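Here is a short tour to read alongside the model. Please keep the sequence and the coordinates open as you go.

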Amino acid sequence: MASPRTLSTAEERREEILVAAERVFAARGLHGTPTMEIAKAAGISQAYLFRLFPTKAELFSALIQRCNDRIERTFTDAAAAARAAGEPVMPAMGQAYVGLLGDRHLLLNQLHAHAACDDPAIREQMRAGFQRLVEIVERETSADAAEVRQFFAHGMLLNVLAAMQAQDVDAHWAHVLLKPPDDDCEA
């Protein structure tokens, strides 16, 4: 006799859809991804997808919120670990972010979110995400505006280089841009 089937709650299904959407949106972004492809990847009907996420933009927004939350947690956790170890906080946060860049889906969805800022709701969400990240960096590091700006500028360069997989390129431009900032001060 077969065991009784366990039904997923709507929240569990939403999570499963977000996991599938992360992979699918990473390939083509908000505007290039058909919802049918996301539904198929999640193993559900398109109608059920729209029952849980009424629009594709709402699904993308929920995914971007997950990405932003993950970056925020990473920064906060890295700061706490560095502080507990008596180490400088800002470099620890930077290293933790570099670790996130290894997650290609997270990286590409971040870049797609920036590209989707023609949508006012996505634009506001990304602005709010950057606001929270700046607040975290300022609070955890006590860095001044110039240092915070440099931190984020370096992070955005790392995003672009990681998206291009510049680490796999043996060329002068890649070596120059991938050189760790601490190397600039060496004699």
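Is Phe-25 buried or exposed? Phe-25 is buried, because its relative accessible area is 0%; buried means under 20% relative accessible area, exposed over 50%, and partly exposed in between, with a 1.4 Å probe and protein chains only. Phe-25 belongs to helix α1.

A word on the ground rules. This is a predicted model, in which local features need pLDDT of at least 70 and side-chain atom pairs count only at pLDDT 80 or more, while totals for chains, interfaces and linings use all residues. Residues are numbered from 1 along each chain as its sequence is written, and side-chain values use heavy atoms, leaving out hydrogens and water.

**Overall build**

The protein has nine helices and zero strands, and from the N terminus on its elements read α-α-α-α-α-α-α-α-α. Helices (H or I, at least four residues) and strands (E, at least two) are DSSP runs, numbered from the N terminus. Along the principal axes, the C-alpha atoms fill a box of roughly 70 × 40 × 40 Å. Of the 187 residues in the protein, 36% are buried.

**A helix crossing**

Helix α4 (residues 56-85) and helix α6 (residues 104-115) have axes that come within 10 Å and cross at roughly 120°. Axes here are lines fitted to C-alpha atoms, for helices over the stretch in contact, and angles run from 0 to 180 degrees between N-to-C directions. The two helices are therefore oblique to each other, since angles under 35 degrees count as roughly parallel, over 145 as roughly antiparallel, 65 to 115 as roughly perpendicular and the rest as oblique.

**Salt bridges**

How many salt bridges does the rule give? The count comes to nine, where a salt bridge is a side-chain nitrogen of Lys or Arg within 4 Å of a carboxyl oxygen of Asp or Glu. Three of them are set out here.

| Pair | N to O distance |
|---|---|
| Glu-16 and Arg-13 | 2.7 Å |
| Asp-103 and Arg-70 | 2.5 Å |
| Glu-140 and Arg-139 | 3.1 Å |

Glu-16 and Arg-13 both sit in helix α1 (residues 10-32), three residues apart, about one turn of the helix. Glu-16 is partly exposed, with a relative accessible area of 35%. Asp-103, by contrast, lies in the loop between α5 (89-100) and α6, and Arg-70 in helix α4, so this pair ties together parts that are 33 residues apart in sequence. Arg-70 counts as partly exposed at 27% relative accessibility.

In the remaining pair of the table, Glu-140 counts as buried at 13% relative accessibility, whereas Arg-139 counts as exposed at 52%. Arg-83 joins Arg-139 and Glu-140 in a network of salt bridges.

**A nonpolar patch**

Leu-157, Val-160, Met-164, Val-169, Trp-173, Val-176 and Leu-177 make a nonpolar surface patch of about 550 Å². The elements giving two or more residues to this patch are α8 (145-163) and α9 (172-178), and α9 gives the most, with three residues. Patches are made of residues with over 30% relative accessible area and no salt bridge: like charges are joined within 9 Å, nonpolar side chains (Val, Leu, Ile, Met, Phe, Trp, Tyr) within 5 Å. Accessible areas come from the Shrake-Rupley method with a 1.4 Å probe; for residues, only the protein chains shown count as cover. Val-176 is placed in helix α9 and is partly exposed, with a relative accessible area of 45%.
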